[in-house]
Amino acid sequence: MDRSRSFASTTDDFVARELARADYDASHASAGTRRQWLVQREGAFWDRGRIYEFPNSINEGTLGRSPSCQWRVTDPAVSRLHCALVRKPRRGVYLLDLASRRGTKLNGDPVEGEVLLMDGDRITLGDRVVLEFVDGPRPEEASDRIWWRRAGWGLALMATLSVLSLIVF
């Protein structure tokens, strides 16, 4: 967050986000149980478009490289335990940085403490991985990710080796 911003403008931003959340909750109360998702928008090309579900059965989960994380991100620039998502009943989902080395940003601003997530927010882990928070129905999987999953690692490995052989020889 820009240090030159006044306390009043930061407070106004917080109040505006809380009011937007209250309006959203009121308009979607009759829609039943909402679901939250994380969609990887940037990072390694084989991970772009990956969809992570934040199920209603859990109230918190971690993002990072560690196998113990709820959502595992394979990028080496991401810390083992990078950040956490915490669901607070009737208040929403909050993002919390877990003292990661390269930091966590929400819409370009560094995360300090807990920050309320809104639909469409972009979470940046380190320098390269960007996740989009989606509050609602399951987002569509990216077409390039579908191709990659259908083709499988074998075809991708053969294509990579053939390109490398052309370059070397």
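Visitor: How many salt bridges does the count come to?

Guide: This is a predicted model, and in it the count comes to five salt bridges. A salt bridge is read from the distance between a side-chain nitrogen of Lys or Arg and a carboxyl oxygen of Asp or Glu, which must lie within 4 Å. Arg-35 and Glu-53 form one of them, with their closest N and O atoms 2.5 Å apart.

Visitor: Which parts of the chain does the pair of Arg-35 and Glu-53 link?

Guide: Arg-35 sits in the loop between α1 (7-28) and β1 (36-42), while Glu-53 belongs to strand β2, so that the pair links distant parts of the chain, 18 residues apart.

Visitor: Which residues touch the most other members of the largest nonpolar core?

Guide: That core has 20 residues, and those touching the most other members are Leu-38, Leu-85, Leu-95, Leu-117, Ile-123, Leu-125 and Leu-131. Several strands each supply at least two residues of this core, among them β5 (83-88) and β6 (92-97), and β11 gives the most, with three residues.

Visitor: What does Leu-95 touch?

Guide: Leaving aside residues up to four places away in sequence, Leu-95 touches a set of residues including Leu-85, Leu-106, Val-111, Leu-117 and Ile-123.

Notes: Residues are numbered from 1 along each chain as its sequence is written. This is a predicted model: local features need pLDDT of at least 70, side-chain atom pairs count only at pLDDT 80 or more; totals for chains, interfaces and linings use all residues. Side-chain values use heavy atoms; hydrogens and water are left out. A nonpolar core is a set of buried Ala, Val, Leu, Ile, Met, Phe, Trp, Tyr and Cys residues joined through side-chain atoms within 4.5 Å. Buried means under 20% relative accessible area, exposed over 50%, partly exposed in between (1.4 Å probe, protein chains only). Helices (H or I, at least four residues) and strands (E, at least two) are DSSP runs, numbered from the N terminus. Contact means heavy atoms within 4.5 Å.
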